[in-house]
Amino acid sequence: MRQTWRWFGPRDLVTVDDMLEAGVEGVVSALHHVPTGIAWEPAEIEKRKSEIAMRKDGSPSGLLWEVVESLPVSEDIKKQKGDWRAHYEAYKTSLRNLADAGLATVCYNFMPVLDWTRTHLNWRVESGATCMRFDYPAFAAFDIHILNRAGAAQDYPEEIVDAAKAAFAAMDEAEQEALAKNVVFGLPGTADSHSLEDVRRHLAEYDGISHDRLRANFVDFLTEIVPVAEELGMRLCCHPDDPPFGLLGLPRIMSTEEDYRHITEAVNSPANGITICTGSLGSRPDNDLQDMIDRLGDKVHLLHLRNVKRETDRCPGSFYEAEHLGGDTDMVAVIAAVLREEAHRKEAGRADWNIPFRPDHGQNILDDHGRNAQPGYPAIGRLKGLAELRGIITALSHPDARQMLGRA
Ligand code: DNO
């Protein structure tokens with residue numbers, strides 16, 4: 001399992017030097033400044049590569065840009081409206097330019113309008129650490145009372161509508177603003193940042209785009225793009241919906257094992273792979289991560305390892321981001337499943353047996369509280385996550401692990 005780390009570029013408050021001290025082996029990055037739908041130019045790609053390759057003092061870091069996350073898919077492509085055909089071409093050009101620069105693994109998602117979504121960015125847990133949280137009643141309060149989406153209340157069970165009403169009544173103006181900001185103004189790694197008006201406009205454009213239609217548009221995108229990726233020897237890997245259920249009346253189509261299966265079977269190619277994000281998928285009680293890795297393992301090109309604590313057994317429901325070994329996902333079982341998959345790949349002679357993972361998110365702890373890095377991407381909380389995951393990998397990969405446990 002290849003230990004990678006997300007880096008947002010020179011503006012990231014967690015630096016290349018920090019990554020090295022955390023023991024990172026490879027870097028996940030993207031050209032966040034290029035607007036969605038515009039091709040990534042070779043010069044910009046080279047620039048990011050050289051930023052990653054250098055420490056603060058100008059000496060070589062020894063790190064390489066190994067995974068692209070994300071090469072965003074435009075709203076026009078998802079809706080098949082406006083400039084979608086030109087955006088297909090731009091996507092292919094970006095892939096060619098990335099392949100020329102030696103990059104092969106490309107993560108993206110197909111979530112309409114909002115990428116990953118949270119209601120709280122600094123939720124305090126018992127230890128004093130802070131984390132991100134998705135509070136379903138607060139989200140409903142945003143939808144029904146702040147965004148004022150027509151018919152919104154009909155999309156929630158009655159008790160959530162009541163809880164949302166109470167939550168909204170308890171908020172002062174600053175809290176309402178903070179909630180709206182957390183939900184729609186764009187979290188790091190998302191392609192765009194929205195105003196409330198933008199969201200209303202985007203939602204109106206999805207009128208009439210059903211779950212099946214969005215799925216069909218996704219398959220069309222793959223039918224067009226995957227052959228190019230395959231020819232270039234690249235590995236596309238779709239990130240799941242986060243959270244993995246419909247929001248704001250929009251369909252979401254990458255939330256379950258069945259969704260993954262549909263998409264990978266529709267266009268069967270080694271270039272059409274998936275990202276398993278244990279945090280996103282794990283907020284649904286009906287997603288069994290270990291089984292998913294066992295059954296879909298050969299399609300997995302990237303792993304995001306993080307954990308969530310579900311606050312209810314119902315789906316959709318609230319959750320918060322737990323420590324990497326806390327929460328509801330059995331991380332040891334997940335890593336064991338990944339190591340099994342890597343063993344199969346080695347047996348089959350696959351060159352891509354070493355699957356990249358990144359410690360996804362992390363709670364803010366210690367000096368993270370003052371650093372104000374990107375939400376979800378603190379230095380210390382993440383390095384603690386990486387260290388814990390690395391510990392499990394090291395233990396499970398030890399050649400004598402079985403004998404040691406069996407010894408009297
Ligand atoms: C959140 C991330 C997402 C992810 C994109 C992939 O922390 O996992 O922003 O990068 O959804 O396209």
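These legends describe close-up views of a predicted model.

**View 1**
Strand 8 covers residues 272-277, and six of its six residues are buried. In a regular strand the side chains alternate between the two faces of the sheet. In strand 8, N272, I274 and I276 lie on one side, while G273, T275 and C277 lie on the other. Both of these faces are covered. Strand 8 pairs with strand 7 (residues 235-239) in the parallel sense, over three bridges. Within this pairing, N272 is the bridge partner of L236. Strand 8 also pairs in the parallel sense with strand 9 (residues 300-305), here over four bridges.

The loop between strand 7 and helix 10 contains L248. L248 has a positive phi of about 55°, although it is not a glycine. Is L248 buried or exposed? L248 counts as buried because its relative accessibility is 4%, and the cut-off for buried is under 20%.

Most residues other than glycine have a negative phi, and most peptide bonds are trans. N372 is not a glycine, yet its phi is positive, at about 55°. N372 is placed in the loop between helix 14 (368-371) and helix 15 (379-397). The relative accessible area of N372 is 60%, so this residue is exposed, the cut-off being over 50%.

**View 1. Two cis peptide bonds.**
The peptide bond that runs from E69 to S70 is cis, with omega near -10°. S70 belongs to the loop between strand 3 (65-69) and helix 3 (75-79). The peptide bond from C315 to P316 is also cis, and its omega is near 0°. P316 is part of the loop between strand 10 (307-310) and strand 11 (319-322).

**View 2. The stacked pair F134 and F319.**
The whole structure holds 16 aromatic pairs. One of them is formed by F134 and F319, whose rings are stacked, with 5.6 Å centre to centre and 20° between the planes. F134 lies in strand 6 (residues 130-134) and F319 lies in strand 11, so the pair ties together parts that are 185 residues apart in sequence. F134 is buried, at 0% relative accessibility. F319 is buried too, with a relative accessible area of 0%.

**View 3. The tilted pair Y136 and Y156.**
The ring centres of Y136 and Y156 are 5.5 Å apart and their planes are at 55°, so this pair is tilted. Y136 is in helix 5 (residues 136-146), and Y156 is in the loop between helix 5 and helix 6 (158-169), so the pair ties together parts 20 residues apart in sequence. Both tyrosines, Y136 and Y156, are buried.

**View 4. An aromatic cluster, and two charges over rings.**
Which residues form one aromatic cluster? The members are W84, Y88, Y91, Y108, F110, F218 and F221. Elsewhere, K346 lies over the face of W353, at 4.3 Å from the ring centre. R382 lies over the face of W5, at 4.0 Å from the ring centre.

Notes. Residues are numbered from 1 along each chain as its sequence is written. This is a predicted model: local features need pLDDT of at least 70, side-chain atom pairs count only at pLDDT 80 or more; totals for chains, interfaces and linings use all residues. Side-chain values use heavy atoms; hydrogens and water are left out. Buried means under 20% relative accessible area, exposed over 50%, partly exposed in between (1.4 Å probe, protein chains only). Helices (H or I, at least four residues) and strands (E, at least two) are DSSP runs, numbered from the N terminus. Two strands pair if DSSP finds at least two bridges between them. Rings of Phe, Tyr and Trp (its six-membered ring) pair if their centres lie within 6.5 Å; planes under 30 degrees apart count as stacked, over 60 as edge-to-face and the rest as tilted. A charge sits over a ring if NZ of Lys or CZ of Arg is within 6 Å of the ring centre and within 35 degrees of the ring normal.
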